[in-house]
Amino acid sequence: MNNPQLDQDGRLRHLLSIEGLPKKILNQILDTAESFVGVAEREVKKVPLLRGKTVCNLFFENSTRTRTTFEIAAKRLSADVISLNVNSSSQSKGETILDTVDNLIAMHADMFVVRHSQSGAAHFIAKHVPPHIHVINAGDGRHSHPTQGLLDVFTIRKYKPDLHNLRVAIVGDILHSRVARSEIHALTSLGVPEVRVIAPKTLLPAQVEKLGVHVYHDMKAGLKDVDVVMMLRLQNERMSGAMLPSAQEYFKTYGLTQEKLRLAKPDAIVLHPGPMNRGVEIDSSVADGAQSVILPQVTYGIAVRMAVMAMLAGGQSGGTQS
Amino acid sequence: MNNPQLDQDGRLRHLLSIEGLPKKILNQILDTAESFVGVAEREVKKVPLLRGKTVCNLFFENSTRTRTTFEIAAKRLSADVISLNVNSSSQSKGETILDTVDNLIAMHADMFVVRHSQSGAAHFIAKHVPPHIHVINAGDGRHSHPTQGLLDVFTIRKYKPDLHNLRVAIVGDILHSRVARSEIHALTSLGVPEVRVIAPKTLLPAQVEKLGVHVYHDMKAGLKDVDVVMMLRLQNERMSGAMLPSAQEYFKTYGLTQEKLRLAKPDAIVLHPGPMNRGVEIDSSVADGAQSVILPQVTYGIAVRMAVMAMLAGGQSGGTQS
Amino acid sequence: MNNPQLDQDGRLRHLLSIEGLPKKILNQILDTAESFVGVAEREVKKVPLLRGKTVCNLFFENSTRTRTTFEIAAKRLSADVISLNVNSSSQSKGETILDTVDNLIAMHADMFVVRHSQSGAAHFIAKHVPPHIHVINAGDGRHSHPTQGLLDVFTIRKYKPDLHNLRVAIVGDILHSRVARSEIHALTSLGVPEVRVIAPKTLLPAQVEKLGVHVYHDMKAGLKDVDVVMMLRLQNERMSGAMLPSAQEYFKTYGLTQEKLRLAKPDAIVLHPGPMNRGVEIDSSVADGAQSVILPQVTYGIAVRMAVMAMLAGGQSGGTQS
């Protein structure tokens with residue numbers, strides 16, 4: 001049972017998916033991230049952990065937002081960052097992905113942050129690279145988006161430290177969401193006893209129960225007494241497709257309003273991976289309300305990405321950077 | 001009378017427009033810029049004033065040239081620069097401008113350089129951000145382009161130190177020019193006694209006299225005995241529109257030639273914000289001639305932008321960077 | 001006889017083409033590059049030679065790959081790098097190339113890396129700039145791509161140190177290849193006694209023999225007993241044009257297979273400038289085989305570009321950077 005994410009000594013070598021990561025590593029990432037939260041609040045938001053290292057943002061699928069978070073994280077670690085939007089480059093000249101990767105390795109790139117529309121792309125690259133090169137999956141098809149899953153549990157842990165005592169609901173397009181898959185794996189691995197998914201049948205994968213979740217089609221029943229509500233983004237292409245009647249209809253049934261949120265525990269928190277469709281999956285009064293932790297998610301996302309990069313680069317704990 | 005550009009202690013908090021900036025602040029920016037002119041001439045063109053700070057270039061309207069000047073200025077101050085061309089990013093995913101801004105603030109961005117095709121966009125963002133975040137308007141619609149106005153008066157002051165004794169002519173498309181508006185406000189605020197605008201009626205805003213300028217339709221009369229000629233760029237879309245007969249015709253009437261320039265004072269200087277349409281609003285022999293200070297404008301533009309960023313970030317005078 | 005690439009003291013001022021560079025300078029670049037190979041293998045891959053300098057990537061023709069190599073080289077020298085994709089910028093606003101360049105010089109750019117689809121573009125810019133500004137040609141039309149030529153001979157020298165005793169074959173589209181021209185000049189200047197070109201008549205320039213090469217149309221005859229095989233990329237547009245029957249046909253006649261390679265010396269090495277068309281000009285088993293030095297070329301390409309930039313910036317030998 002060879003785990004491609006760990007090296008021989010059981011340390012993190014790549015971050016490809018939450019699935020398959022031992023609980024110990026998950027906790028190590030979260031604890032390391034804790035030490036990086038403070039860096040962003042310093043006068044000089046920079047530590048020299050990755051100085052002289054070259055981080056390649058290899059984006060086969062455009063995403064300014066995700067690219068920016070990794071770019072900021074890498075620069076705060078003092079790395080040199082090279083951003084390649086691969087649609088507009090050698091791929092169009094017929095070069096294979098592995099040739100592109102091999103070339104960047106020959107230029108002494110140290111780390112790849114990979115986003116691709118096809119599931120498994122980051123695994124494919126990770127399998128190919130030599131031992132001293134590290135790969136971070138920044139979203140592959142419908143499969144995985146592990147740093148998003150990690151920042152979500154990091155955020156939950158900040159507000160609800162006792163994960164073993166939580167009821168969490170994930171609401172929306174579970175079927176097409178790599179975020180949902182990563183969240184479910186992170187939550188169950190860390191011992192959250194009850195994870196619910198709330199969605200219409202058309203937006204649920206077959207046999208979703210096998211992931212260890214409870215399925216609800218009725219949002220009111222699903223939100224009842226939960227501690228955490230994790231909303232998902234509804235992709236525009238789903239709204240216009242035959243899959244859903246209309247954005248308005250969706251909002252009525254599965255959009256999170258103050259009224260529906262009242263069914264959760266009074267101190268429940270609300271998460272959303274962004275970018276939000278206000279008025280589609282979430283009402284503005286909730287997004288901007290007292291229970292929303294959507295912007296803290298973004299803040300912690302930088303700390304989590306710094307932690308992952310630092311661990312991959314040096315195996316060092318984040319505590320040593322001062 | 002709450003001035004959004006100043007904090008409670010009367011220090012610069014945002015740079016949104018020249019309009020509304022006290023003369024004292026204008027002079028403070030120009031004096032601070034003076035101290036940064038020397039930085040670009042050093043062997044190592046870098047000062048650590050913004051080290052560990054994150055400057056976001058938030059360009060909703062593409063402008064490689066302006067973005068480059070801010071990027072160079074920020075990097076010479078040792079900031080980390082994140083450039084977002086927002087057309088190609090989250091905006092297309094339905095996220096609002098303020099959500100984009102809030103996300104970047106959650107990532108601990110310190111400063112936004114904003115360019116937008118709509119007047120008021122930078123003000124809108126400035127009104128929204130918390131006190132420790134700073135906004136620089138890099139051009140909003142037809143409204144304002146304050147760093148351009150500042151670098152123009154900085155350049156004029158360099159060659160003609162006694163502003164109280166100057167006659168200045170601004171020539172061209174005043175109507176659509178945010179540059180012209182910023183120049184007029186800067187010049188009149190700093191006590192230039194006579195500012196003329198020279199343009200056909202179709203390229204003048206209604207009631208332009210209320211800005212404190214003298215209106216000329218005849219270029220020869222308008223250039224008579226001026227100390228400074230500020231040419232404006234004629235946008236291509238105006239030339240092809242019904243507004244003007246033709247580029248050739250425009251050149252004949254309002255293009256600056258050596259012959260027309262001879263009507264100004266013998267030591268008059270010529271400015272242009274760039275990029276130039278040679279042979280349309282300005283003849284090459286003038287653009288490259290002895291009276292042209294067009295390239296010094298570009299040089300001083302970096303110093304002015306460094307000064308503004310340094311003042312916003314630290315309230316420090318540029319003199320402390322050694 | 002004024003050589004635009006050298007200053008009055010015979011030192012490198014611009015790198016525009018291999019043609020016209022004295023052998024002494026070529027060797028100096030290669031020797032300096034030698035000292036930079038080690039930098040990429042250090043823990044911190046950075047030297048401060050260009051700290052505080054501004055390097056402008058001025059790409060009038062898009063090339064993510066080449067731009068990336070120069071960006072990495074400049075960043076490892078601690079320069080600030082500004083990348084301008086000039087198609088999407090001021091050029092479209094009617095500004096001339098020289099105005100764009102003058103503006104960047106006014107912003108105190110120190111070095112230009114220029115890629116342009118027209119032959120002579122880098123020379124044109126080099127002729128225009130003041131003495132303290134340096135220009136590197138990163139590919140101009142069909143004319144020259146000197147850093148590619150240099151990294152190729154650097155790679156050959158690494159594996160076959162005695163250049164005076166080599167037989168080298170360059171195979172493929174010589175006609176449209178700036179790489180081939182640069183390679184031929186580099187090899188003959190450094191004293192390689194026999195350089196062969198192998199191509200169909202339609203892909204050879206008129207009077208190619210005048211470059212000092214031996215012409216072969218038959219690949220088997222041409223590869224006989226050579227020490228080095230330099231494959232060229234076949235541009236897609238050639239394949240679809242009337243110039244060639246088909247990619248398959250081309251592969252059969254001029255594609256490098258293990259079988260054909262066996263005609264060369266047993267220890268012959270294989271080079272390719274990339275990006276490769278596997279199965280068109282080169283078989284995968286050769287590209288990835290034991291005789292391939294295609295990825296070392298990429299590695300040495302960074303060292304060569306660092307060497308050129310360091311020499312231009314300071315005239316310093318690479319040995320002083322420790």
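Q: How many residues does the contact take from chain B and from chain C?
A: In general, the size of an interface is often given as the accessible area lost when the parts come together. Here, in a predicted model, the account is by residue. Chain B gives 22 residues and chain C gives 18 residues.

Q: Which element gives the most to the side of chain B that touches chain C?
A: Helix α2(B) does, with 7 residues. Two helices of chain B, α2 (64-76) and α12 (294-314), each supply at least two residues of that side. By class, the side of chain B that touches chain C holds 8 nonpolar, 8 polar and 6 charged residues.

Q: At what angle do helix α5 and helix α6 of chain A pack?
A: Angles of 65 to 115 degrees count as roughly perpendicular. Helices α5 (residues 146-159) and α6 (residues 178-189) of chain A pack at about 50°, their axes 8 Å apart. That makes α5(A) oblique to α6(A). The crossing is right-handed. Among the contact residues are Leu150(A) and Val153(A) of α5(A), and Val179(A) and Leu187(A) of α6(A). The contact divides into 6 nonpolar, 4 polar and 2 charged residues.

Q: How do α1(A) and α5(A) lie to each other, and why?
A: The axes of α1 (residues 23-37) of chain A and α5(A) cross at roughly 70° and come within 10 Å. The two helices are therefore roughly perpendicular to each other.

Q: Which residues make the contact of α1(A) with α5(A)?
A: Ile29(A), Leu30(A) and Ala33(A) come from α1(A); Leu150(A), Val153(A), Phe154(A) and Arg157(A) come from α5(A). By class, that is 6 nonpolar, no polar and 1 charged. The crossing of α1(A) and α5(A) is right-handed.

Conventions:
Residues are numbered from 1 along each chain as its sequence is written. Chains are lettered from A and ligands numbered from 1 in the order in which they are written. This is a predicted model: local features need pLDDT of at least 70, side-chain atom pairs count only at pLDDT 80 or more; totals for chains, interfaces and linings use all residues. Axes are lines fitted to C-alpha atoms, for helices over the stretch in contact, and angles run from 0 to 180 degrees between N-to-C directions. Helices (H or I, at least four residues) and strands (E, at least two) are DSSP runs, numbered from the N terminus. Angles under 35 degrees count as roughly parallel, over 145 as roughly antiparallel, 65 to 115 as roughly perpendicular and the rest as oblique. A crossing is left-handed if the near helix is turned anticlockwise from the far one by less than a right angle, and right-handed if clockwise. Two residues are in contact if their C-beta atoms, placed from the backbone, lie within 7 Å. Ala, Val, Leu, Ile, Met, Phe, Trp, Tyr, Cys and Pro count as nonpolar, Asp, Glu, Lys and Arg as charged, and the others, Gly among them, as polar.
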